[in-house]
Amino acid sequence: MQPSRILLLNILAAGAFYVAGFAVLGSGYPTIESSGREVIEWFSHNGADARIYAWTAAFFSLGLAIFAAQVAAVMPKPQRYIFFAGVLGFAITAQVQGWFWAGLSFHPQGLDAATARTLFQIPTYWGPLINGSTMTMAVAFIALGFGRKPIIPRWLTGLSVLFFVEQAIETVTVFGRSGFIAPGGPMNVYLGGIIGFLWVAGVVRWAMPRVDQQAH
């Protein structure tokens, strides 16, 4: 199989696992605003869903690693290392978040409310902290769009700048407590997720012919 097809199929599969993870949780899962009792109640009745969510995180991280390796291979130094480090940080954060969700699903009834709430709030901050990794990914590509001989097209440079700026603004969710800017809330999951998907699609489109050229 051509490397470009592997790249495309891999990122589509990774995206599917990412979306499936949130889909299986439904719309009633706990948030940063939930009380400890609500956290215990949800995990007591939805433990299997939480473990499926963690399971999808494992395969999502696998897809990110393959994506990082293939794209970094066609980037110059040191940008390839910066990009790879950013994707690696993203993958590790996804694993840690899933780790907490799976752990909370095991014996939630044995937790007191304050402990349950604290344990749940720790992985909820994946949103604002993962922005450090995503900004690292974006800045590696921004650097390729400037200079006397830009390596990437203008449209990808512009998309990378948009992604970086949005992710930088999104770090304010670390101070949020409720609503749109809450940690792990709509700004992190939906706004950042949509722009992130568009940016990844652009990177894959740019990289596909180059990974094939490198193979010959």
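This tour goes through the pockets, the cavity and the aromatic pairs of the structure, one selection at a time. The model is predicted, with local features needing pLDDT of at least 70 and side-chain atom pairs counting only at pLDDT 80 or more, while totals for chains, interfaces and linings use all residues. Residues are numbered from 1 along each chain as its sequence is written, and side-chain values use heavy atoms, with hydrogens and water left out.

**The largest pocket**

Begin by selecting F22, Y29, G184, V189 and Y190, which lie nearest the centre of the largest pocket, among the 29 residues that line it. A pocket here is an open set of points on a 1 Å grid over the protein atoms alone, where a 1.4 Å probe fits, with protein on both sides within 12 Å along at least five of seven lines, and lining residues have an atom within 4 Å of a point. Its volume is about 500 Å³, a volume being the space filled by probe spheres set on the points, which are joined across faces, edges and corners.

Next, colour the helices α1 (3-25), α4 (79-104), α5 (113-124) and α8 (186-215), each of which supplies at least two residues of this pocket's lining; helices are DSSP runs of H or I with at least four residues, numbered from the N terminus. The most is given by α8, with six residues. By class the lining of the largest pocket has 19 nonpolar, nine polar and one charged, where Ala, Val, Leu, Ile, Met, Phe, Trp, Tyr, Cys and Pro count as nonpolar, Asp, Glu, Lys and Arg as charged, and the others, Gly among them, as polar.

**The second largest pocket**

Now move to F90, G193, G196, F197 and V200, which lie nearest the centre of the second largest pocket, lined by 26 residues and holding about 430 Å³ of space.

**The cavity**

Select Y18, Y53, F60, A94 and Q97 to reach the centre of the largest cavity, which is lined by 13 residues; a cavity is a set of points where the probe fits but cannot get out. Two or more residues of this lining come from each of α1, α3, α4 and α6. About 130 Å³ of space lies in this cavity, and its lining has ten nonpolar, three polar and no charged residues.

**Aromatic pairs**

The structure holds 20 aromatic pairs, in which rings of Phe, Tyr and Trp (its six-membered ring) have centres within 6.5 Å, with planes under 30 degrees apart counted as stacked, over 60 as edge-to-face and the rest as tilted. Select F43 and F120, whose ring centres are 6.1 Å apart with planes at 65 degrees, so that the pair is edge-to-face. This pair links distant parts of the chain, with F43 in helix α2 (residues 36-45) and F120 in helix α5, 77 residues apart. Both F43 and F120 are buried, that is, under 20% relative accessible area, with exposed meaning over 50% and partly exposed in between (1.4 Å probe, protein chains only).

Then select F67 and F83, another edge-to-face pair, 5.7 Å centre to centre and with 70 degrees between the planes. F67 lies in helix α3 and F83 in helix α4, so this pair ties together parts that are 16 residues apart in sequence.

**A last stop at W55**

Finish at W55 in helix α3, which counts as partly exposed at 48% relative accessibility.
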